[in-house]
Amino acid sequence: TYEYAATGLPIAALVDPRSDAMRVLRDYPRLHVADPHDPKAAATAIAAAIADRRSDDGTRLRQAQQHGAALTRDAQLSPHIERILRLART
């Protein structure tokens, strides 16, 4: 979820709204959500994600990448690694 959101591409989230993925993605600008138990809603979300991708001139991609930059593995882990290294030096 984290790494894919960092790409800036549209996401069709067919997940339970209470899942941790929705906590991570709730403000993602290219998110298309559907109940995973509703095939018509799922098809609509997937079609919306495809249309989103096809209609993007690069503007939404850059905006979503900026939003997702904080979700990359490096952005998530670096502060913790630095803290561990500081502790190891003391």
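How many salt bridges does the structure hold? The structure holds five salt bridges, and several of them are described below.

## Model and confidence

This is a predicted model, with a mean pLDDT of 91 for the protein and 100% of its residues at 70 or more. Among the elements, helix 3 has the highest mean pLDDT (97), while helix 5, residues 73-89, has the lowest (85).

The side chains of Asp52 and Arg30 meet in a salt bridge with an N to O distance of 2.7 Å. Asp52 belongs to helix 3 and Arg30 to the loop between helix 2 and strand 2 (31-33), so the pair ties together parts that are 22 residues apart in sequence. Both partners count as buried, Asp52 at 8% relative accessibility and Arg30 at 1%. Through salt bridges that share partners, Arg30, Asp52, Asp56 and Arg60 are joined into one network.

Asp56 is placed in the loop between helix 3 (39-55) and helix 4, and is buried, with a relative accessible area of 13%. The side chain of Asp56 is joined to that of Arg30 by a polar contact of 3.2 Å, and a polar atom of the Asp56 side chain also lies 2.9 Å from the backbone nitrogen of Leu61.

Asp20 and Arg23 form a salt bridge in which the closest N and O atoms are 2.6 Å apart; both residues lie in helix 2, three residues apart, about one turn of the helix. Asp20 is partly exposed, with a relative accessible area of 46%, and Arg23 likewise counts as partly exposed, at 43% relative accessibility.

Arg18 forms a salt bridge with Asp16, with the closest N and O atoms 2.6 Å apart. Here Arg18 is exposed, with a relative accessible area of 74%, whereas Asp16 counts as partly exposed at 30%.

The largest nonpolar core has 10 residues in all, among them Ala5, Ile11, Leu25, Leu31 and Leu71. Strand 1 (11-13) and helix 2 (20-25) are the elements that give two or more residues to this core, and its largest share, three residues, comes from helix 2. Beyond its neighbours within four places in sequence, Leu25 is in contact with Thr1, Ala5, Ile11 and Leu31.

Gly68 lies in helix 4, which spans residues 59-68, and is buried, with a relative accessible area of 0%. Apart from neighbours within four places in sequence, Gly68 is in contact with Ala5 and Ala6. Gly68 and Asp56 are 12 residues apart in sequence, and their C-alpha atoms are 17 Å apart in space.

Key
Residues numbered from 1 in each chain as written. Predicted model: local features only at pLDDT ≥ 70, side-chain atom pairs only at ≥ 80, totals over all residues. Heavy atoms only, no water. Core = buried A, V, L, I, M, F, W, Y, C linked by side-chain atoms within 4.5 Å. Buried < 20%, exposed > 50% of the residue type's maximum accessible area, 1.4 Å probe, protein only. Helix = DSSP H or I, 4+ residues; strand = E, 2+ residues; numbered from the N terminus. Contact = heavy atoms within 4.5 Å. Polar contact = N/O pair within 3.5 Å; in protein donor to acceptor, adjacent residues only side chain to side chain. pLDDT = per-residue confidence, 0-100. Salt bridge = Lys/Arg side-chain N within 4 Å of Asp/Glu carboxyl O.
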